Amino acid sequence: MIHNKKQFSFHTELMDMERCLYKGYRYFVPQKAEPESIGKVGQLTLSLDGLTICPGKDAARLFATEAASQNPAEMRLRMDGELDDTASFYLYCEGTEQPVARAVRSMEEYDCFCFSFSSEYNFLHPGKYFLLGKNMQEASDEHLFDTVNGHLCFPFMVLRAGEELAHPVFRKAVVSRPASTLRGGGLTSGALRVSLVADRTKNTEYAAGCGKEEGVELGLACYDRDWHLMARAGRYISGGRFPKSACSVSLHSENIWMPGSYFAVVSYNREPYMLVTFDYQGAETTEGRCRLLQKEEEEYWMVKKLEPDAQKKWKQVRELQGLGHVKRHLVKLSRMNEFNRFCSLHNLGGLRSNTFAVVTASKLFHAKRLAYCLPNLLNFCTESYRQIDCAEWVASASASGGESADGYIEGRGERTLALFGLSALLTPDGQQLLTRIEKAVLDETVFWSLILCGTRDEVEQVFAYAPRMAACFPADTRFDVRSFSVAEMTHLVQRQIEQASFSLDAMSENALAVQVGESWPEISHWGKEEIDRFVCRGIAGRMKQRLRETLLFDQSIRQKELLTVFPEDIALASYLLKTNDRRNGTTAPALFEESMKELNAMVGLHALKEELTAVFYQVRFNEQRRLLGLPAEEDGTYHMIFTGNPGTGKTTVARMIGKIYHSLGLLSKGEVIATERSQMVGRYIGETEEKMVALLKRAKGNVLFIDEAYTLCDSLEDRKDYGNHAIECLLTLLARPHSDTLVIMAGYADEMERLMQRNQGLKGRFPHKFHFDDYDAGELMQIGASLLERKGYLLSDEAESLLKTMVGEALSRKDRHFGNARWMNQFITSGVLQAMAKRIVQGGMPASVEVYRTIEISDIEQAALKFVKRDFPQLMPRRRIGFIA
């Protein structure tokens, strides 16, 4: 109850007191001589020690610490409503006739106001209380409040804070789903029951104090592996009635319970103290693990401090997608950055630290959204936030001679600036602005914060130009927004279906979860637009078709059925097949097999085929582990070196690899950008960098195939050769773990080895090296036969025999510049087929089909005269640029 050092001075009002009856007790309500107007109350919020309660939401309980019961307690009240005169509130402890505190405040011109209870009169101890609003009524029909003699009544409880109590210890948890929720399958929304089994050997201290409290609240907050809040619930247990063997809490989630790992934080009177982890795979019963939670852990800080925050700054971040890998780190930073808030509260502004952060994402929208949340969550303690488009900033600065650039920079004090459109800073005009920004970042005399938003490439290019500024952005404040997880994608589709005014039954929810998992390799790139399109065109379209067919025979369909999505309406595989998002409807293994067909049809290359198959298995293995909620290795880098003589298939294989890696989801496009020295190296200072920026932009999502790569740097002495600049630009790309670009360098084996030795930075960036051997006679004959078959030609027996002889003679005279398959292709197309055409035309052009299909021995002889006796061309080494002493 509330103990008074000094009783309220009600003796002047006792002559005119209204008597009210509430829950079997009589209470006195002070009255005024003149009649009072009736007020309308929309909502009330009551706060104590940072905890806020309001009617109609969570259980109305406040928790007071021992310190609060030894010092005057301040309770703050906020009311939204309509009142003409004054608002009078009285606080009662149940069973005490007279109010123990009161608050009267004139409404003046405001409908929403706040007032405090006098700290002079009351101290809060555990007990039951109610707040009575004199002559007030509820504005809505929601029945959030009780009523006492026409007055508004808000009952609540005050319990001892959990940090001062002994806690029950649990040794394990049993997680179960009601059978009714599993009729359509295990992947559904709804109830999930967590039964906590007590550890009697460790509960002696708790058992000794059990029953001494007015009551306790056991709370549970459950999160998925992406740190999204699935559900939370609290169970109030009257004093002395706490179960000694087990205690159960029922959670209810609007989101589908997806397969994967979950964790739940157990609180005792709002004090987090135990962590429950479990892996849910759709079974009716799952066993979980329990352990004590330390105050230093992020889960404790999140539930204790961030979740109850009235500003909801954590909730904004918690609900973002693609951040499952950094949310724990964000919670840790929010705790560490309390120092800035402490300095602001105690007027120690000179001790605050500037915060510089980076947010990268494939789509700018996601980066800007996280950037907007960071200043509040991480306590930047700046006074304002401004997002700036660098393209507009650069254009404005150029037009004003730099004055607008100085405006933002000079006015940065006490502000957070978030920059996007970073590529504009790399233009000539933008570089001048970037230099000013770098100078401002290095200036520690001004308190401000800066956030860079963009793609990884944009940020890395900015940092490459301004390396001193890059050093001011620590790894701790560099955040990358990734693609949605399977669970996030499923929940987004589920939410979009509900926003379209449709509903999912249990069977439909299970079908949706299963189909998203099965089709994940094909839809992992989806964003909001693709999800909207699938719901509106795919699901809604099939619903219309189904209902149209049903109404032909039965027009007594209920309204609910018209808006309910059936499992057959989802049909994600069929939707992908129609929209070609599934690449002709094949599954991921079939896609890989399809893309490997052309490579498997090539002669030789056994080591390369085995390596690509191993990569496919590793990618599929990691993806399946992610679907099961298990930790999975990140997809690595797959840059390659191809060595071998001309005509051994290096360029052809590179084109095939683009398709294969696209089918694996490792490249977003999968085309081949073929290049060589002249397209990479400039003739004057700066031109090489310009060429490389343009080339790497084209190569994004594709295979960058660099033929004769050794010509980029073929001399240790010639350091002025601009080819070294091209290699430096390449190293920037090669150092990125997820560049969405596959680089293949090709050339002669000895020259490529020298290139690697001269550039040690390159050597470690190419984990895969493949040597393309010269073809032997049998393999060249296979290549020739395949070419002729595709073109619709046949070899006579004599012609085939002579062709083998010619191939053998060519191989006996070959050197390192021999064209291999290229030579065979030219020998047939430019030699044999031309000789055949000349023979048939000069012979009178007979009408027989066989004559036009069959290659005779004379055709081979004529081609041999043209090719085999010709000297093979010699490739001269590139001339060095400059003077030679």
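In which loop is Ser485 found? In this predicted model, Ser485 sits in the loop between E26 and helix H13 (486-499). Ser485 has a relative accessible area of 15%, and because buried means under 20%, this residue is counted as buried.

The side chain of Ser485 makes a polar contact, at 2.6 Å, with the side chain of Asp226. When the neighbours within four places in sequence are left aside, the residues in contact with Ser485 are Asp226 and Trp520.

## Helix H10

Helix H10 (residues 428-442) has 15 residues, which at 1.5 Å a residue should span 21 Å, and the end C-alpha atoms of the helix are 22 Å apart, in agreement with that expectation. The residues of H10 that are buried are Gly430, Leu433, Leu434, Ile437, Glu438, Ala440 and Val441. Around the axis they cover an arc of only 160°, and therefore they lie on the same side of H10. Pro428, Gln432 and Lys439, by contrast, are exposed on the other side of H10.

## Helix H28

At the N-terminal end, H28 is capped by Asp776, which has a side-chain oxygen 3.2 Å from the backbone nitrogen of Gly778. After H28 comes Gly792, whose phi is positive, near 85°.

## Salt bridges

The model has a count of 23 salt bridges. In one of them, the side chains of Lys304 and Glu163 meet with a distance of 3.4 Å from N to O. This pair links distant parts of the chain, since Lys304 belongs to helix H3 (residues 298-306) while Glu163 belongs to the loop between strand E13 (151-160) and strand E14 (170-176), and the two are 141 residues apart. Glu163 counts as partly exposed because its relative accessibility is 37%.

Another salt bridge joins Asp480 to Arg456, with the closest N and O atoms 2.9 Å apart. Here too the pair links distant parts of the chain, with Asp480 in strand E26 (residues 478-481) and Arg456 in helix H11 (residues 456-465), 24 residues apart. Asp480 counts as buried because its relative accessibility is 15%, whereas Arg456, with a relative accessible area of 32%, is partly exposed. The salt bridge between the side chains of Lys528 and Asp532 has an N to O distance of 2.9 Å, and both residues lie in helix H16 (residues 528-551), 4 residues apart, about one turn of the helix. Lys528, at 56% relative accessibility, counts as exposed. Salt bridges can also share partners, and in this way Arg232, Glu307, Arg318 and Glu319 are joined into one network.

## Aromatic pairs

The count of aromatic pairs comes to 24. Among them are Trp257 and Tyr262, whose ring centres are 5.5 Å apart and whose planes stand at 55°, so the pair is tilted. Trp257 is buried, with a relative accessible area of 0%, and Tyr262 counts as buried at 4% relative accessibility.

The rings of Tyr372 and Tyr385 also have their centres 5.5 Å apart, but their planes are at 85°, so this pair is edge-to-face. Because Tyr372 lies in helix H7 (residues 364-377) and Tyr385 in strand E23 (residues 384-389), the pair ties together parts that are 13 residues apart in sequence. Tyr385 has a relative accessible area of 24% and is partly exposed. Elsewhere, ring pairs link Tyr22, Tyr27, Tyr92 and Phe130 into a cluster.

Technical notes
Residues are numbered from 1 along each chain as its sequence is written. This is a predicted model: local features need pLDDT of at least 70, side-chain atom pairs count only at pLDDT 80 or more; totals for chains, interfaces and linings use all residues. Side-chain values use heavy atoms; hydrogens and water are left out. The expected span of a helix is 1.5 Å times one less than its number of residues. Buried means under 20% relative accessible area, exposed over 50%, partly exposed in between (1.4 Å probe, protein chains only). The arc is that of the directions from the helix axis to the C-beta atoms. A salt bridge is a side-chain nitrogen of Lys or Arg within 4 Å of a carboxyl oxygen of Asp or Glu. A polar contact is a pair of N or O atoms within 3.5 Å; within protein, one must be able to donate a hydrogen and the other to accept it, and residues adjacent in sequence count only if both atoms are side-chain atoms. Contact means heavy atoms within 4.5 Å. Rings of Phe, Tyr and Trp (its six-membered ring) pair if their centres lie within 6.5 Å; planes under 30 degrees apart count as stacked, over 60 as edge-to-face and the rest as tilted.
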